[in-house]
Amino acid sequence: MLSTLLVQLLTGLSGASSLFLVSAGLTVIFGVTRVVNFSHGSLYMLGAYTGWSILSRLPREPLPFILGVLLTVAALALLGALLERLLLRRIYAAPELLQLLFTFGVVLVVQDATQAIWGPNDLPLPRGRWLRSFVEIGDARVPLYDLILIAIGPAVLAALWLLLTRTRWGTLIRAATQDREMVAALGVDQKRLFTSVFALGAGLAGLAGALSLPDGSANLQMDLSIITDAFVVVVVGGLGSVPGAFLASILIGVLQAFGIVVLPQATLVLVFVIMAAVLVVRPNGLLGRPQAIRENPASTTLIRPAEPALRWLGLAALILAAAAPLFVGPFLLSVLTEMAVAMLFAAALHFMMGPGGMASFGHAAWFGLGAYAAALAVKGLALPMTAGLLIAPLLAGTAAALFGWFVVRLSGVYLAMLTLAFAQIVWAVMFQAVDLTGGDNGILGVWPAQWATDRLVFYWLTLALCTAATLVLRTILYAPFGYALRGARDSELRAAAIGLDATRLRHAAFTIAGAAAGLAGSLAAFSKGSVFPGFIAISRSVDALLMVLLGGVQSMAGPIVGAIAYTGLFDLLLLATDQWRAVLGLSIIVLVLAFPQGIAGTAHRLWLRGKEA
Amino acid sequence: MSITRRSALAAAGLLATPAIVRAQGNTPIRIGEINSYTAAPAFTLPYRNGWMLAVEQVNAAGGVFGRKIEVISRDDAGRPPDAIRLAGELLDDQKVDLFAGSFLSNIGLALSDVAKQRKKLFVGGEPLTDAMVWQNGHRYCYRLRPSTYMQAAMLVDDAAKLNAKRWVTVSPNYEYGQSVVKWFKLMLSQKQPGVEFVGEQWPALGKIDAGATAAALAALKPDAILNATFGPDLTNFVRQGNTRGLFEGRGVVSVLTGEPEYLDPLGEETPEGWIVTGYPVDSLTDPANKAFIDAYKARFNETPKMGSVVGHALIASIVAGIAKSGSTDTEKMADGFAGASFDTPFGKAAWRAQDHQATLGTYVGKTALKGGKGTMVNWRYVDGSAALPSDDEVKKMRPA
Amino acid sequence: MKTLAVTALSRSFGGVRAVDGVSFAVAPGEMLALIGPNGAGKSTCFNLLNGQLRPDTGTVHLGGRDITGLSPRRIARHGVGRTFQITATFASMTARENVQLALLAHHRQIWRFLRPAPQHHAREADALLAQVGMAEQADRAAAILAYGDLKRLELAIALAAAPRLLLMDEPTAGMAPAERTALMALTRDLANQRQMAVLFTEHDMDVVFGIADRILVLDRGRLVAEGTPETIRANPAVRAIYLGTGATTGGH
């Protein structure tokens, strides 16, 4: 019994080491550059593939293995430096989180590039005899490689610690982690600092990727399967804190190893439950420092209602959309229906993210809950569709109000990650409650009521409801509540000084945004005739985030333009080419470079410039 | 392929393609096809090669009653809602006569539901879920591959021969895995009363914590293991199991592991003596298999995989169904497919009338290591019809 | 009755008494300056009054009501207005909207979801902006206002709640000397008109001695002197503190 516990503990610790290696690079990069680097998983995957290419050509002895791993690290560091110098550098001045959109473009491109270079098949690295040996504990065996990994984790931590505390470069990094402006003021070449930090982070990702090979294979799924876990570790540890990441890795690795024994199904969601628990108790992670209150740099833009010319443009677009069925075919009609739903979904996220200042990585939770509520109302309770459409926002709003109570007490990336955790928990519940929800097979046959079965009617219904709800959101934003919400975002100090209750305002905004997303979700359910856990998946939340960022956070038109652009781009590219990921990724990268304020934001700026001239 | 892509591009234009009134005469029969090409390329790209080869062969032989066949293919990105939208595009804009495809069970079920709603024929290729032909089965849906029930049924005889008392299971936590475990437990308990299932592991698909999973299973000291993981999860699990001695002196029954898609990546780590379903492509010498393997190698310069067989058989099964129906009218096809028999690389198979499941079988054998590569030995072909429940039981599960 | 009455206020940080038994009061319409060398406890004292910090012991009464240890928001609700050392305004709004939002908050009209905010209290907001000499800037974005204008905007925002007490933390920091005098003269007028008590910290001794009715001098957390500018100027203890630390007039 004791040996069993020990074996499980050691296994958990080796898992923790692997987790730490990926997260260390991510936390260093975030700490200094504040870039939420979604492409860190891609660097990890490239590390594994590069490592495979190198190591499979070398003898299977320890020394060549070490050499090959080091070569991989160097290659990835170089790649990271290139990525930073050629691309990321161009958008540091852009609003926060826009880099996230950018790095997501990189993820898509890397996926296609990797498949083009290495092919679709998993690439296993043959293991030398030493990599297959083990140590016996009682009658159980612990792989020698597990023990090696257990040692590598602390060794890398120590090396990083020495690097960060004993070198001038490390001192600068630590200073930059705490106060970027100060380092700039000291006359340090920030560009070179950022490049080197990116190289370090990418090198660590490469190390983690290469070291994952003896336990498995290089494959095309590893980028996305690691990235959320890595973010969880970084956030649980405290953003930018390397020792925090180490602690968090151990916490998660060990709990995971024992969780598997106690409740095998828990692997679906355990890391997110841990993150939610930690963040509720410690809003800045285990070892994170409270982020200094600072004026939101994005809020320097004056928010104005659209000028008459723009309003006419919007009205014209709406009339065009309403008349569209007269001249487009059924497929484009289904794309337009998706666009209408996406518009409301994105507008709901924008409501809390723009004026509310709360970015969410888990907005699909409310979208999905709305969809499930509608589907269950119609299929389970045999209620009419209209009841489903009514229940959906109510239930989603109620759930958002409950979760929101915890969420709005946090800020920044911590807040975003807590929403992600809640979304994953909701996802896991829907996924696992097979009897109620059909599990991953979803609920089928959720078709519209008789009177709305005709696709034309349903399209008009969707368009009407989504437009109306979006306009309601807009009205609220320009009403006193919206101003107060925006005020609390602009300046927390000033808001308190005039007696505004920022927490309550945000809580209300969170609830409204949840309800609106729920309505969007229910319309999606009826338009697809089905609901799946995928409606709540991370990728769905990311979609909404991409739409808002692509359109621009600082205007009400942003999410609308972003939703139309992203949905249209995605739907049409999926039809047009096998390489849609690469094309979509490149489009995103180009759009971000061309429209650093988002499409609508930048267009509006150009419009204003034209008028002043 | 390039031709169908171009027609897709045309459809993506801003204006709808006007309805084309086609004479039954010599215009091609249009088959819509949807699969997860970017989300699961390791399985679906060989599958695509398989159906492309079949289309070329059918058309070279003159097509079906003088009409060529044309496949209009779409990538669903692994997302059911996108698959549903694309099904609409194929039906409405491309005016396909029927549609087919899918790899993931949930997408298969979603497309089947579209077929039901739109009253159009859907022929599922890869999805394994039993619900497709039983609980959610309907007039307009046919399915080709042996289902999870059939896979379990094919393995259970050999499993019982292990005469192992204490079993554990490891299976990805979604419908396919849950269904395999459910049927296997049920069938083995009937065959071998007194068998005990002492533990389960449910790793999340694609995210197995292989070391902890293997250690947890080893700690239960089972006599035998049922595995349903596949892909990267399987590779990780096998490596950890090998190092930890999890498989030593234990019987292992493993679903799909003999398929080249999943066996090849195991390489020299392939554990020996696992009882598996799969495709022993390197040792098949009968004429039907050999002809397919040779043609495939000649066309694509690589060895076919299980997906290639499914892709190839999918087209054959559709062509046979249309030929038997004598028309591409949906109602006629919905009736006419039933009972149609067709040639596959594995031999003759047919569409069952009672549940629209094909009788295509698979190979059951043991894993072995030859020249540093995994392979299947002592295999036998199990026809699908031998692995299905009685008609009465099917009737109970399938809605009228 | 005094507007603000502070009794025996103390607060320690890890054994260091940042504020140590400080008591004082401010009368309606009175301008009271709080001065002292760096580290004397001015900021801590201010933060104890505005709710940013909770005192270890002692009480704060506003108009006879105990507001000790309340949150900044509640203290604001009781009629305490504030300006900040580094201005804090709503950057995504115009000057007028800044004041309108403050008026909406004061009238408890925040939880309204229909009529656009700019249609509420526009005239009142313009009147307040005119009082601080910002009428022409009403439609400009707060983000692009000059620093001196931002300070005056803050004043207008604070006045929107018709405060009984105005707390000004380093109100003239970062301003040109001419602007400083103008701003404080304006504050003086407002205090008189509205019978509003003003408590401010200030580095510029010309401003302090030119404007304040009374001056409090803090040193190492303790109140070492209190009185009119004349008595403080003549106080040897104060001179010692300032000469001792080397700090003189002029601010920084």
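Predicted model: local features only at pLDDT ≥ 70, side-chain atom pairs only at ≥ 80, totals over all residues.
Two strands count as paired if DSSP finds at least two bridges between them.

Strand β11 (residues 341–344) of chain B and strand β12 (residues 347–350) of chain B run antiparallel and are joined by 4 bridges. One of these places B:Thr344 across from its bridge partner, B:Gly347, in β12(B). If you follow the chain from β11(B) to β12(B), you pass 2 residues between them, and the two strands form a hairpin.

Now move to a sheet elsewhere in chain B. Strands of a sheet pair through backbone hydrogen bonds, either parallel or antiparallel. Which sense of pairing does the open sheet of 5 strands in chain B have? The pairing here is parallel, and the strands come in the order β2-β1-β3-β4-β5. At the edges stand β2 (69–75) and β5 (141–143) of chain B, each pairing on one side only. Direction ignored, neighbouring strands of this sheet are turned by 25° against each other on average.

To see one pairing up close, look at strand β1 (residues 29–35) of chain B, which pairs with β2(B) in the parallel sense over 7 bridges. Here B:Glu33 stands opposite B:Ser73 in β2(B).

Let's step back to see how the chains meet. There are 2 pairs of chains that touch, and the most contacts are between chains A and B. Chain B and chain C, by comparison, do not touch, and their nearest C-alpha atoms are 35 Å apart. Chain A, however, also meets chain C, with 33 residues from chain A and 36 residues from chain C in the contact.

In it, 70 residues of chain B are in contact with 74 residues of chain A. About 6000 Å² is buried between chain B and chain A, and carbon and sulfur atoms give 51% of this area. Three residues, B:Arg85, B:Arg239 and B:Thr243, supply 12% of the area that chain B buries against chain A, more than any other three residues.

How many salt bridges does the rule find across the interface of chain B and chain A? There are 12. One to look for joins B:Glu268 and A:Arg60, whose closest N and O atoms are 2.5 Å apart. Between chain B and chain A there are also 34 residue pairs in polar contact, counting pairs with both residues at pLDDT 80 or more. Helix α3 (residues 80–93) of chain B, with 9 residues, gives the largest share of the side of chain B that touches chain A. That side divides into 27 nonpolar, 20 polar and 23 charged residues.

The interface of chains A and C comes next. The area buried between chain A and chain C is about 2800 Å², with 68% given by carbon and sulfur atoms. The count of salt bridges between chain A and chain C is 3. A:Arg494 forms a salt bridge with C:Glu154, and the closest N and O atoms of this pair are 2.8 Å apart. The rule also finds 13 residue pairs in polar contact across the interface of chain A and chain C, with both residues at pLDDT 80 or more.

Which helices of chain A each supply at least two residues of the side that touches chain C? They are α19 (455–478), α20 (480–490), α21 (492–497) and α22 (502–528) of chain A. The most comes from α20(A), with 8 residues. The side of chain A that touches chain C divides into 18 nonpolar, 7 polar and 8 charged residues.

Our last stop is within chain C. An open sheet of 4 strands here has antiparallel pairing and the order β2-β1-β4-β5. Because β2 (16–26) and β5 (65–66) of chain C are edge strands with a single partner strand each, one side of each is left without a neighbour in the sheet. Further in, strand β1 (residues 4–13) of chain C and strand β4 (residues 57–62) of chain C pair in the antiparallel sense over 5 bridges. C:Ala5 stands opposite C:His61 in β4(C). Helix α1 (residues 42–50) of chain C lies across β1, β2 and β4 of chain C, running at about 120° to β1(C).

How values were computed: Residues numbered from 1 in each chain as written. Chains lettered and ligands numbered in written order. Heavy atoms only, no water. Contact = heavy atoms within 4.5 Å. Buried area = accessible area lost by both parts, 1.4 Å probe. Salt bridge = Lys/Arg side-chain N within 4 Å of Asp/Glu carboxyl O. Polar contact = N/O pair within 3.5 Å; in protein donor to acceptor, adjacent residues only side chain to side chain. Nonpolar A, V, L, I, M, F, W, Y, C, P; charged D, E, K, R; others polar. Axes fitted to C-alpha atoms, helices over the stretch in contact; angles between N-to-C directions.
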